[in-house]
Amino acid sequence: MKNNIDRRSFLKASLTAGGALLVTISMPQISRAAEKFAPGTAAGDFQPNAFIKISKDGKVTVTVGQAEMGQGVYTSLPMIVADELEVDWSNVTYESAPAAAAFANPLFGTQGTGGSTSVKAFFAPLRKSAATVREMLVSAAAQQWGVATDSCKAENGKVVHAATGKSLNYGDLLEAAAKIAPSANPKLKDPKDFKYIGTSVKRLDSPAKVNGRAVFGLDVRLPGMLYATVQRSPVIGGKVKSVDDTAAKAVKGVRNVITLESGVAVVADNYFAASRGRRALKIVWDEGKMATVSSESILASYIEAAEKEKGLVAKKIGDADAARSKAFKTVEAVYIAPFLAHATMEPMNFTADVRADSAELWGGSQLQMVVQARIAKALGFAPDKVKVNTTLLGGGFGRRVGIDYVLDSALLSKATGKPVKVVWTREDDIQNDFYRPFTYNKISAGIDADGKPVFWDHRIVNASLMASLAEPVFGFPFPDGQLDDSSFEGAHNLPYQIPNLQVDWIRKDTGVPGGFWRSVGSSHTAFTVECFLDELAAAAGKDPLEYRLSLLDKNSRHAGVLRLAAEKAGWATKPAAGVFRGIAVAESFGSFVAQVAEVSVGKDGAVKVHRVVCAVDCGQVVNPDTVAAQMEGGIVYGLTAALYGEITLKTGRVQQSNFNNYKMLRMSEMPKVEVHILPSKEPHGGVGEPGTPPIAPAVVNAIFAATGKRVRSLPIKP
């Protein structure tokens with residue numbers, strides 16, 4: 001088949017005349033984007049709602065409005081439809097939705113992927129949509145046979161009438177079903193009859209990712225397309241003062257050099273020419289007010305704020321100040337979490353084709369409708385004149401909530417009159433991210449003679465990431481004086497029974513762009529809370545697991561995952577010689593996750609994580625394999641950050657630039673991971689992010705068990 005391209009066909013190996021091995025890369029000449037985003041609807045197809053399309057041959061296409069960035073929505077959401085619609089899984093496929101209100105996330109009010117909400121938000125709407133269609137098909141068959149509707153049932157892509165043995169395929173009922181008025185309140189299946197929900201159905205998107213037909217943003221090719229790369233200020237917030245582009249324009253293939261708000265763009269026939277032209281630019285920067293900012297200056301300002309400023313109260317129970325004087329023993333500590341970059345594996349990129357009165361864009365975005373609205377405003381179009389095609393995302397983790405990379409592609413396409421793909425380098429990405437905010441925690445607690453906490457006082461100092469994102473992404477300012485839950489979530493909703501508790505937050509914006517990072521606030525609050533609770537357990541002379549359980553309702557979901565993780569890890573038994581265990585638990589995005597880390601520490605202080613046992617209660621499960629994969633992914637991401645992740649500043653410049661100094665966990669460093677899912681009938685929780693928060697404290701607590709030393713600042717340093 002002409003366009004059936006597999007991975008092997010990309011790489012062609014041959015021997016040169018000199019005997020050297022020559023490996024060449026061949027790319028498809030026909031745009032896979034054009035194939036992917038113009039699927040059309042065949043004559044006779046039945047599309048009763050935005051999510052479901054049935055073809056004459058009985059094939060069911062589920063239109064997914066969520067972005068697929070590895071979390072499995074191209075499988076989990078179709079599973080929900082297939083179960084309720086009663087179709088064979090082999091006849092189910094998916095397609096990506098355009099930016100449209102019909103696909104708005106019910107929890108956001110706009111089309112968006114984040115907050116681990118995909119299944120939680122769409123489980124009920126998709127079931128209802130599918131049930132409505134199923135009832136229309138059943139009614140159509142009943143009318144055709146002249147029998148009562150309730151004497152027929154849907155089964156495996158057919159409607160059957162048991163009394164007569166008659167059956168009709170869905171594909172034969174489309175025309176008649178289209179004339180049936182859909183019910184506003186269809187009857188849903190009894191969950192005990194689910195065929196797919198709760199099973200590990202294989203992912204629908206895997207084959208395309210293996211054979212190379214999957215379309216990520218970088219795969220998009222358009223006729224006449226140009227490539228662009230943008231030189232941004234080396235100092236955060238800096239602006240172009242002047243530019244000499246003479247040498248850049250002399251590079252063969254360079255078409256334009258264009259100054260944007262974000263920097264100086266070089267547009268060329270191919271990426272390599274654009275990159276060479278960029279290196280030839282001579283730019284003078286106005287470095288702005290961030291030129292004197294460093295990690296040390298931010299830390300100093302945070303320490304001063306924690307000592308002198310009054311915070312906004314995020315949670316208050318009892319009177320922590322009054323209880324302090326009555327404590328048998330008081331424990332105090334400072335915990336610090338660094339700035340972190342997202343470092344998505346697929347570098348940031350977007351492609352735009354702006355015409356006189358409309359625009360079409362391709363790429364990976366977590367907020368398609370926001371992209372549509374913001375690009376329309378920037379171009380002076382009505383939103384319905386901007387079409388957004390969502391490709392697969394090679395990692396999101398919150399980074400692709402931003403629209404900076406999208407805006408550049410649209411403005412450059414408008415300026416050149418050509419389709420333009422903007423591609424970021426890894427250095428662009430690491431040095432121009434929306435970072436997880438740097439956070440300073442001053443925390444103290446007291447225990448009574450039995451070791452029980454009598455007060456807990458937690459002061460958090462960090463920047464508001466919502467304030468950072470609100471204006472550039474959503475187009476409105478975040479009000480001063482308002483609590484930003486994303487700055488302290490996980491700290492103010494402690495599950496532990498503590499009679500006097502105060503958590504307050506001091507907003508201290510730094511000028512460093514802040515953004516959602518996988519598990520957001522819980523990514524750093526779990527580190528502080530679960531490590532400090534370990535300190536209390538040690539002060540009380542108690543086992544860390546038993547101490548946690550003694551402070552929890554025994555029937556709570558926190559206690560459930562703690563007991564399961566401990567049981568599977570063999571907490572009651574000794575680990576191998578030289579190996580030590582730590583435990584932590586966290587609730588985030590409606591799910592509860594406990595992890596036990598087994599760690600050894602070398603004489604040089606080097607930490608090796610051997611095994612992680614993870615227990616998760618995420619409510620009703622759609623696809624257990626996806627849940628396990630997301631826990632594994634969250635552990636890798638969180639462990640990478642715990643061991644290596646740190647963005648530092650000097651003279652307003654991000655000091656890290658690539659994977660040599662912003663290191664990722666190597667495969668050889670990956671511990672054995674075991675995931676155990678607690679059976680649950682609770683409402684759906686998220687799974688994309690909750691695997692991340694407990695891993696850092698579990699590892700740090702294991703290090704204490706091994707060495708007796710507390711790690712209170714990340715990343716862990718020997």
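This report describes the overall form of a predicted model and then some of its parts.

**The chain as a whole**

The chain contains 19 helices and 28 strands. Its radius of gyration is 28 Å, close to the 27 Å that the globule rule gives for 718 residues, so the chain is as compact as a globular protein of that length. Further values for the whole chain are collected in the table.

| Property of the chain | Value |
|---|---|
| Box filled by the C-alpha atoms, along the principal axes | roughly 80 × 80 × 60 Å |
| Share of the 718 residues that count as buried | 58% |
| Accessible surface | about 29,700 Å² |
| Share of the accessible surface that belongs to carbon and sulfur atoms | 54% |

The contacts show how the chain is folded onto itself.

**The nonpolar cores**

In soluble globular proteins, nonpolar side chains tend to be buried together. In this model, the largest nonpolar core has 75 residues. Those with the most contacts inside this core are W456, F532, L536, L562, V699 and I716.

Three strands form an open sheet, in the order 3-4-5, with mixed pairing. Strand 3 (52-54) and strand 5 (92-96) are the edge strands, and each of them pairs on one side only. On average, neighbouring strands of the sheet are turned by 25 degrees against each other, direction ignored. Helix 3, which comprises residues 73-85, packs on this sheet and touches strand 3, strand 4 and strand 5. The direction of helix 3 makes about 130 degrees with that of strand 4.

Strand 4 covers residues 60-64 and pairs with strand 3 in the antiparallel sense, over three bridges. K53 has T61, in strand 4, as its bridge partner.

**A residue in helix 18**

Q630 is located in helix 18, which spans residues 624-643. Is Q630 buried or exposed? A residue counts as buried when its relative accessible area is under 20%. The relative accessibility of Q630 is 8%, and Q630 therefore counts as buried. Which residues is Q630 in contact with, leaving aside its neighbours within four places in sequence? They are G70, Q71, R518, V687 and G688.

Conventions. Residues are numbered from 1 along each chain as its sequence is written. This is a predicted model: local features need pLDDT of at least 70, side-chain atom pairs count only at pLDDT 80 or more; totals for chains, interfaces and linings use all residues. Side-chain values use heavy atoms; hydrogens and water are left out. A nonpolar core is a set of buried Ala, Val, Leu, Ile, Met, Phe, Trp, Tyr and Cys residues joined through side-chain atoms within 4.5 Å. Buried means under 20% relative accessible area, exposed over 50%, partly exposed in between (1.4 Å probe, protein chains only). Two strands pair if DSSP finds at least two bridges between them. Helices (H or I, at least four residues) and strands (E, at least two) are DSSP runs, numbered from the N terminus. Axes are lines fitted to C-alpha atoms, for helices over the stretch in contact, and angles run from 0 to 180 degrees between N-to-C directions. Contact means heavy atoms within 4.5 Å. The radius of gyration is taken over C-alpha atoms; the globule rule is 2.2 Å times the number of residues to the power 0.38. Accessible areas come from the Shrake-Rupley method with a 1.4 Å probe; for residues, only the protein chains shown count as cover.
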